[in-house]
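This briefing covers one protein chain. The notes are grouped by topic and are meant to be read alongside the sequence and the model.

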Amino acid sequence: MENSQHEIPNRFSLPRRINRLPDLAYNMWWVWNPDAQSLFALLDRNLWEKCNHNPVAFLNQVERPRLNATINDRFYLEIYDRVINRFDNYLNNRQQAWFSQTYPEAANQLIAYFSFEFGLHESLPVYAGGLGILSGDHLKEASDLGMPMVGIGFIYNQGYFTQHLTEDGWQETRNYYLNFFQMPIFPVYDTENNPVSISVDLPGRTVYARIWRVDVGRIPLYLLDSNVEENSPADRELTSRLYSNDLEVRISQEILLGIGGARALAALGYAPTVWHMNEGHSAFLSLERLRAYVAAGKPYDEAADLVRKSNIFTTHTPVPAGNDVFPIWLID
């Protein structure tokens, strides 16, 4: 079970009058609320651009004199108070949102949303393109509607690679490793303050993954990370990059997302009513759900019917090139 206290990992030195800025920085609500973004940009626009609009990195670097100057800036403080009030009302009044008003009987029927990538913002580079933007927008809109939803994906610790040209015109690629403590994410701990982790079995070994959390408005997004000491060097790379060309790596990632993601939700105390697979990358969750039902004593046919009725699959690439195909020997 997850510790309900989400302590901000960084210790920012801020004037008391604007000490709620970290609360904004660590909730992606600011991404689709321009006034919230302006609270950072108005402090130091050049630094805001230099930090690629990452509020956590920004607050770690902004100079104290600029922060102190806001205390006497009525214009800034008016925006600050308005944004903070709107933010608090947004988080604390979920029952007034559309979903609660329209479907009050379904308020506790949780949707689990699985996706290989979530495009929320450039400060969290764990997406490649359209699929990620779709997933990210689903979480943002679900938050605004007040839908009971939780997201499951991967945190890719190598993020994007960077490119540059050498003096003789050759293109070189450099991997860029993410610093999780300079990003708007929380490490997830249990009630005894131990990192929450799960495991899945792969051929000849067990693979472990710890869990990180991103707050997307009212929606929690949990991201699995296999870069932990218990794993071999190869398995630590399973969540390092998005969309590997190696089929064995790819199917291992999908087993980790589907089976490991389902186990992560169970470890965190969630019991979803609906399981949404955005593309086929998380399809192994069906097998894990079936296994859990049978282990609890249900006959196979009944378990399969329960899984079938509560699974949802969506795709936005219904062509052969956009879907994974694995040879039978690899499945075996």
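Where is M28 found? The residue lies in the loop between α1 (21-25) and α2 (34-41). The model is predicted, and the mean pLDDT of the protein chain is 92, with 97% of its residues at 70 or more.

**Confidence by element**
- Strand β1 (residues 111-114) has the highest mean pLDDT among the elements of the protein chain, at 98.
- Strand β3 (residues 161-165) has the lowest, at 73.

**Overall fold**
- The protein chain contains 13 helices and ten strands.
- Its radius of gyration is 21 Å, close to the 20 Å that the globule rule gives for 332 residues, so the chain is as compact as a globular protein of that length.
- Along the principal axes, the C-alpha atoms of the protein chain fill a box of roughly 70 × 65 × 40 Å.
- Among contacts with a separation of 6 or more, 67% are between residues 24 or more positions apart.

**M28 and its surroundings**
- M28 counts as buried because its relative accessibility is 1%, against a cut-off of under 20%.
- Leaving out residues up to four places away in sequence, M28 touches L120, H121, S123, P184, V214, D215 and V216.
- R308 is 280 residues from M28 along the chain, and the C-alpha atoms of the two are separated by 33 Å.

**Helix α2**

**Helix α10**
- Helix α10 (residues 247-267) has 21 residues and spans 29 Å from its first C-alpha to its last, close to the 30 Å expected at 1.5 Å a residue.
- At G260, α10 bends by about 30 degrees.
- Helix α10 is largely enclosed by the rest of the structure, because 15 of its 21 residues are buried.
- At the start of α10, a side-chain oxygen of D246 comes to within 2.9 Å of the backbone nitrogen of E248.
- Just after α10, G269 adopts a positive phi of about 90 degrees.

Technical notes: Residues numbered from 1 in each chain as written. Predicted model: local features only at pLDDT ≥ 70, side-chain atom pairs only at ≥ 80, totals over all residues. Heavy atoms only, no water. Helix = DSSP H or I, 4+ residues; strand = E, 2+ residues; numbered from the N terminus. Buried < 20%, exposed > 50% of the residue type's maximum accessible area, 1.4 Å probe, protein only. Contact = heavy atoms within 4.5 Å. pLDDT = per-residue confidence, 0-100. Expected span 1.5 Å × (residues − 1). Bend = angle between axes of the 7 residues up to and from the residue. Polar contact = N/O pair within 3.5 Å; in protein donor to acceptor, adjacent residues only side chain to side chain. Rg over C-alpha atoms; globule rule 2.2 N^0.38 Å.
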